[in-house]
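Subject: Structure for you to look through

Dear colleague,

I am passing on the structure below, and I would be glad if you kept it open while you read the notes that follow it. Please check each point against the residues as you go.

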Amino acid sequence: MTPPSLSSAASSAATSAVPHQTHRAAGGGYRLVRTPPVAAAPPVLDAAQRAVVEHREGPLLVLAGPGTGKTTTLVEAVTARVRRGTDPGRILVLTFSRKAAVELRDRMAARAAAEPGAGPGTDGGAGGPGAEGPVVAPHAATFHSFCYALVRAHQAPDLFADPVRLLSGPEQDLLVRELLAGEAALERDGRARFHWPTDLKAARTTRGFADEVRAVLARSRELGLGPRALAAFARRIGRPDWIAAAAFLDEYLEVSDLQGVIDYTELVHRAALLAERPEVYAELAGRYDAVYVDEYQDTDPAQVRLLRALAGQGRTLVAFGDPDQSIYAFRGADINGILDFPTDFPPRGRKAAPVQVLTVSRRSGAGLLDATRRLTARMPLPKLPAAAVRKHRELHAVRSDGSVAVRTYPTSGAELDGIADVLRRAHLEDGVPWHDMAVLLRAAAPLPALRRALTTAGVPVHLDAPDIPLHAEPAVAPLLLALRLAAESAAESAAPELPGDTDVAPAPEDAESPAPDAADDGGATAPRVVVGVEDAVTLLTSPLGGMDAADLRRLGRALREEERAAGRAVPRGSDELIAEAVGEPERLTAHDPAHARGAQRLGALLRAARDALAGGGTAQDALWGLWQGTPWPDRLERAALRGGAAGRNADRDLDAVCALFETAARAEERTGGRGALNLIEELSAHDIAADTLGGPAVRPDAVRLMTAHRAKGLEWRLVVVAGVQEGVWPDLRRRGSLLEADRIGTDGLAPPLGQGALLAEERRLFYVAATRARERLLVTAVKSANDDGDQPSRLLTELGVAPQDVTHRARRPLAVAALVAELRATTVDPAASPALRDAAARRLATLASLHDDGHALVPAAHPDRWWGLYEPTRSTVPVRDRDQPVVLSGSALDQLANTCALQWFLGREVKAEPPSTAAQGFGNVVHVLADEVASGRAPADLDVLMERLDSVWDALAFDAPWKSRQEKDNARAVLERFLRWHVLERGRTPVATEHGFDVTLEAGDARVRIRGSMDRVETDAEGNAYIVDFKTGRAKPTAAEVAHHAQLAVYQLAVREGAVDPLFNDTRPPSGGAELVQLRLGAARRDGGDTLPAVQHQGALEGAWAEELLAEAAGRVLDERFTPSTGQHCANCAFRGACTARPEGRQVVE
């Protein structure tokens, strides 16, 4: 049931190398016909290659170093064998990846098409030498696909009703973890079949322990050990952990067989066992005349056993490989496989197979070869003939070029700058395309930081998306969420009725059943799908809903108005109403489709999916309805066909959705809501990523960033091997040290992997990275000045190139912006010569004149864009009239005198401050509610205040729904503190709230008019006046700062000038002080604890410091002295980018 839109777009990239034509069959159906391959001319071979091509029979090991034409030789050898009369169907080519298998198939088909007698024909025609018919190439497959076909062909029909299914990596990981968890539960109940050692029990539930167990299982099966053999081996050497692992292996195999599944290692093991059976052995021996194996150094012991059964005893087996590139030991690869090949596969009548060496390197120039040859000199190759090893290490270059450089930098930042400079200069000065350069690292962790640094420097880069589990893919997550909601509703509706649950009267026999499409027609009989607030918002803003934040706000307002019109004085929150409407989409019929269509469609999709599951449908049926019911598939298909960045993202999304449908198709027996929930639970438990058919989409013109392991098989003109630090590369930490899977040997307990073996593999990995370069190799590292800092790796010295210590950063990156900046600086530099300044100005004029379709290509080169050249603007109208009082508020006084006069001017006078934030709205709401309680307009009841809060809360603009909920919880805590403080007996009585004042007083030589509003005015038994100012911020001033708090001082000055006289029977009350009540912050334990707000008191004013503060602020305004001042307030200032006191502002203004 794969949707056509998926297959048409998602498969386009995967099949681009081998196009197909669609033919209409006579019966009206369609069939795919492979387009005939384009014939490829035969290449020119050297003597060593010709010797391999002319090899007739018997085993042969071909040592092929990097760039020696290994694949070309293999293809020509196969082509020559077919030319000599061998049926293509009797030749088998094995390799290790789908990509390599496809490339081999295509190249062999292209060469076969160029052979005499090859030509177009009809399907089903016999192919062969001299036959007129379709081009038939030998079969090229991966080891695993060949093993699966072998196992499937000999699968016992009485034991397996369905074909055995290959477990993906995530599925095997989940199965192992589930079995470990089950054994732990059985052990707690006293029913365990085996016991892990006591010192391992605490680790059994960890992901790392599951990885260790998987490694033991894989190693055992690679060596052909079954549960009994592993247990006997473990008892013999005294390893109780391996005894438990043997029992676990037995249980794992039993469960796998019951489920009809098999993992990759077990697949090869069983294929090898099958091939060793006499009847199967005879069949395989008669099926293939010759077997070719690519990348033989990557084989594991199980694959060697398979090959021994497939092409042993002197039959024709040609293995291509390079022991110097054996870097996959962590996957089970064993370098001894290629080292032992001559003795493992002796020809008839001889003790060892011959070894042929490809000696001409067509990739790297002579300079590169000389450096990498020094690396191989430190990598001994025992067991192989010395003459062959000497030839293998003495490759000849076809080109005399090739350069190697080693550079060390004082810091990692300088290293990144240096790499960016090298890449840009190679592109701009040497003409190297971006896609013909790469930066390789030992590990993946530093890659994101490298990508950011290079992108900032103007280098286009491509970094493969991180491997993430299927359920976390952005395209899959909303589909699984929608499926879960539908499945939960279906499971709930299918739940059996509990005893005694008979309150619902049965329907009359003549009652009409609701139509199946009642939900679509607005009927109210269909049960609703319960959707939570967060789930509703997530789905509505996903491609399934297609709504944005503005649509949600408009829909929320419309639903609140609808509820208010229905008679509810205080409507519920918009998020709650939207979630409810998604569950009952018929409610949205009357609303404007512009903002309600997405929610209505989503609700109908959820209901249809629920109905499909409730009716016995599969999870795949429900997913198909969700996927096909929106414009999303069409959008992805169009984006995939357009290409570009959006096309690459669409390809990945389609690939992920295809994988989801494939997984759901494998679970067809899981019907109904409960079956879908089980599928979701299984997918959600996957912690590692699965393999995909399409592979990652690659940005066409960008520098590749990847690890050295992933770079194997690729090549570029320029390669940078970065981060070659001691302790990082080589990484000599032992892998898998808990259960020591690597110590399970063929002939007993293997010695632990020593430092020498680890160093040898790290050196081989470094060799692979260095040999990816065709023309130029740069190796970089950090060389810290401190003895305990980062130091270059020992591997740098093995290249035979003297490291260059780069002690300074590049003078400027080779980028347009940097060039313009330097030219602009030179034109106004008084120290530069007139000729140099004139040349810089002329170059700027040239850049400024460049246009494309009327748009300037380098607008920053034109003087009109040089802000520093503008004269400061001056106004003939003063900011304040000296004959009028200077109007100030308490907060303005604080800004002018203590914070930053420039911030006050730009924010208050220029009105350039950004709109109010949600935090300011939060404070305004709390102040209003506090005023209503103190004035008696609202009771001191938290529930009432929360209702009032709900009525206005949705008007506040928060960045995300979770932030809104978080701040609402904070508002509740603030109101609780306020109410407790409000009813607390403090010896004072409220006199007024939100009391406005406007008084004028003398301050030095100026008159100042202060005005504002006091949050609360209180009095005590002696008639003193106290001013209370509520604060809702997250920080509070120190005690010393409160003593000279400008805003509180203004309030007290206003009291002294008669601002509260009307509240005290027109008498002038003495000031008892002022205080800040920090509603968001709890009081100290001695002051009542967190349930009360922190209160900070300022005593009655003493001295003239407040008047002096006013005089200073008024003088700054009248004299227009708006100079910036730095401090903590800069962190939240909106004008940092235009402030001369800040670095980011100076480069703009000055």
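Helix H38 is mostly covered, since ten of its eleven residues are buried, where buried means under 20% relative accessible area, exposed means over 50% and partly exposed lies in between, all with a 1.4 Å probe and protein chains only. Among the buried residues of H38 are Ala1046, Leu1048, Val1050, Tyr1051 and Leu1053. After H38 comes Gly1058, whose phi is positive, near 95 degrees.

Please keep in mind that this is a predicted model, in which local features need pLDDT of at least 70 and side-chain atom pairs count only at pLDDT 80 or more, while totals for chains, interfaces and linings use all residues. Residues are numbered from 1 along each chain as its sequence is written, and side-chain values use heavy atoms, with hydrogens and water left out.

Further along, in the loop between H38 (1046-1056) and strand E26 (1071-1082), you will find Asp1066, which has a positive phi of about 60 degrees although it is not a glycine. Asp1066 counts as exposed, at 62% relative accessibility. Glu295, also not a glycine, has a positive phi of about 55 degrees; it sits in the loop between strand E8 (290-293) and helix H12 (301-311), and Glu295 is buried, with a relative accessible area of 18%.

The loop between strand E17 (716-721) and helix H29 (755-770) holds Gly723, which is partly exposed at a relative accessible area of 22%. Although Gly723 and Ser412 are 311 residues apart along the chain, their C-alpha atoms are separated by 8.4 Å. Leaving aside residues up to four places away in sequence, Gly723 touches Glu415, Leu441, Val728 and Thr780, where a contact means heavy atoms within 4.5 Å. The loop between E17 and H29 also contains Pro730, and a cis peptide bond, with omega about 15 degrees, joins Trp729 and Pro730.

Next, a pair of helices: the axes of H30 (residues 816-827) and H31 (residues 834-848) come within 8 Å and cross at roughly 140 degrees, the axes being lines fitted to C-alpha atoms, for helices over the stretch in contact, and the angles running from 0 to 180 degrees between N-to-C directions. That makes H30 oblique to H31, because angles under 35 degrees count as roughly parallel, over 145 as roughly antiparallel, 65 to 115 as roughly perpendicular and the rest as oblique. The residues making this contact include Leu819, Val820 and Leu823 of H30, together with Leu836, Ala840 and Leu844 of H31.

How many disulfides does a search of the whole structure find? The search finds zero, a disulfide being a pair of cysteine sulfur atoms within 2.5 Å.

With best wishes

Definitions and conventions. Helix = DSSP H or I, 4+ residues; strand = E, 2+ residues; numbered from the N terminus.
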